[in-house]
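Trainee: Could we go through this structure together, one packing question at a time?

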Amino acid sequence: MTSRKMLIDGESNQSNVEDDTHYDFDLFVIGAGSGGVRAARFSANFGAKVGICELPFHPISSEVIGGVGGTCVIRGCVPKKILVYGASFGGELEDARNFGWELNEKIDFNWKKLLQKKTDEIIRLNNIYKRLLSNAGVKLYEGEGTVVGPNEVQVTQIDGTKLSYSAKHILIATGSRAQRPNIPGQELGITSDEALSLEEFPRRVVILGGGYIAVEFASIWCGMGAMVDLCFRKELPLRGFDDEMRAVVARNLEGRGIHVRPRTTLTELVKTDGGVKVRTDHGEEIEADAVLFATGRSPNTKRLNLEAVGVELDQIGAIKVDEYSRTNVPSIWAIGDVTNRMNLTPVALMEGTCFAKSVFGSQNSKPDYSYIACATFCIPPLSVVGLSEEQAIEQSNGDILVYTSSFNPMKNTISQRQEKTIMKLVVDAETDKVLGASMCGPDAPEIMQGIAVALKCGATKAMFDSTVGIHPSAAEEFVTMREATRRVPGAGKPKTNL
């Protein structure tokens, strides 16, 4: 058995000093989602003997159901994006008429056909992830994993058989699960899991939540022809994003036909003959075929037996880790949503890569959370990288220059769709460094990925200005914003507190 040691900041950790102890595995991973699979494969490529366990596959998760590929592949980003593509055709078909396409007034949408295509694709990806593990030499076990000791895991198989294995290192990568609000009738609502697998298309939908899952599903169902009510507690959706961009998203949602209900929450759900009656805190009643709770996610730690082994959790049940993803128990590590750091699939991949390099590749590697771009796939999408205007003002001691561009995309000038694209750069006035970029409009995520590379390299506004644009494109606006829209003193409070 190959035994390795990891050096952190030049000091050998006591638990990693090479010893003669025999373990069944160098590494055992609990959870075969994006992060777990990445860590397992890369560790195996470094020569480690690796085992991994995952719950049986099903599109809708539970405490005993999961699937190789995890949330993102099976019941998250991938199937969601497929539905976003499907919903986008609704608006595209409307716009097509002004481009000369003669379409019938009534165009039918077949929900079940799209759903089957979506399911076929996630089954394909589930099998691909299994093959990736097999090709890397990782041993896959189907069942529920628990931590029995600092170097021991137990896997309960589908038939109830319990298998025990020893491992030099244990990695927890069990992700998170959607949670429901504690209100009367909450069992009548659904989460994003069920929303991606509804047998019948809901014609009337109420969504509770103002985060990215809420606005994405609002766009999906509205684009497919449903009546959608979106309820959230704040003045604007997408708390934590740039306030100006949040207002743009809210305006676009309303422009697409979604009934946006700010400062509103749900108090009760009641079953009716025709569906579900929803009561709000304003005394309103809304009839719905489906009620989606998009009210956050909680780390999957309850059934792992971590407390018995002494692994520290925070107040919401997330695993506490250091900058190398190590828990307070030296042989146990954790990555991804279960640690509640930055809950994005590419971040879990990064954390898994850094873990493998540090523990088995003799390359001390800390995850770098700076300038990570992200997107909300509402229609049209929002994408950002770096600091929002509010964050820049809060963190800066000097002035901040804000550059904005608002324009009607060329496509909309023909289709007559009244929906502007908004772009924004936040710049440190003293250093000229671009601190953040935001865009709400078609292709925003595709454009923002390139902008993220520039910001990661420390690009200045002068560099943006000296770059020749691609014409005609929306992206060229990012290199033609010459005049600052406003200059804002730093170290002050954000202009709004929405």
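Predicted model: local features only at pLDDT ≥ 70, side-chain atom pairs only at ≥ 80, totals over all residues.

Trainee: Let's start with H1 and H4. Are they roughly parallel or roughly antiparallel to each other?

Mentor: Look at the axes of H1 (residues 34-45) and H4 (residues 111-135): they come within 9 Å and cross at roughly 20°. Angles under 35 degrees count as roughly parallel. So the label for H1 and H4 is roughly parallel.

Trainee: And which residues of H4 does H1 meet there?

Mentor: The handedness of that crossing is left-handed, by the way. On the H1 side you've got Ser34, Val37, Ala40 and Arg41, and on the H4 side they meet Tyr129, Leu132 and Leu133. By class, the contact of H1 with H4 has 5 nonpolar, 1 polar and 1 charged residues. So, back to your H4 names: Tyr129, Leu132 and Leu133.

Trainee: H4 also packs with H3. How many nonpolar residues does the contact of H3 with H4 have?

Mentor: H3 (residues 77-96) and H4 pack at about 150°, axes 10 Å apart, and the crossing is right-handed. From H3 come Val78, Pro79, Ile82, Leu83 and Gly86, while H4 brings Trp111, Leu114, Lys118, Glu121, Ile122 and Leu125. Sort them by class and you get 2 charged, 1 polar, and a nonpolar count of 8.

Trainee: On to the open sheet of 6 strands. Which are its edge strands?

Mentor: Read along the order, S18-S19-S22-S21-S20-S23, with antiparallel pairing. On average, neighbouring strands are turned by 15° against each other, ignoring direction. An edge strand pairs on one side only, and that picks out S18 (374-376) and S23 (486-489).

Trainee: What is the bridge partner of Met423 in S22?

Mentor: S21 (residues 421-428) pairs with S22 (residues 434-440) in the antiparallel sense, over 6 bridges. Follow Met423 across to S22 and you land on Met439.

Trainee: Two helices pack on that sheet, H7 and H12. What angle does the direction of H12 make with that of S22?

Mentor: Take H7 (residues 243-255) to begin with: it touches S19, S20, S21, S22 and S23, and its direction makes about 5° with that of S22. H12 (residues 444-456) touches S18, S19 and S22, and its direction makes an angle with that of S22 of about 175°.

Trainee: Last one: which residue forms a salt bridge with Asp229?

Mentor: The count comes to 30 salt bridges. In this one, the closest N and O atoms are 2.8 Å apart. The pair links distant parts of the chain, S10 (residues 227-231) and S11 (residues 259-261), with its two residues 32 residues apart. The partner of Asp229 is Arg261.

Note on methods. Residues numbered from 1 in each chain as written. Heavy atoms only, no water. Axes fitted to C-alpha atoms, helices over the stretch in contact; angles between N-to-C directions. Helix = DSSP H or I, 4+ residues; strand = E, 2+ residues; numbered from the N terminus. Parallel < 35°, antiparallel > 145°, perpendicular 65-115°, else oblique. Left-handed = near helix turned anticlockwise from the far one by under 90°. Contact = heavy atoms within 4.5 Å. Nonpolar A, V, L, I, M, F, W, Y, C, P; charged D, E, K, R; others polar. Pairing = 2+ DSSP bridges. Salt bridge = Lys/Arg side-chain N within 4 Å of Asp/Glu carboxyl O.
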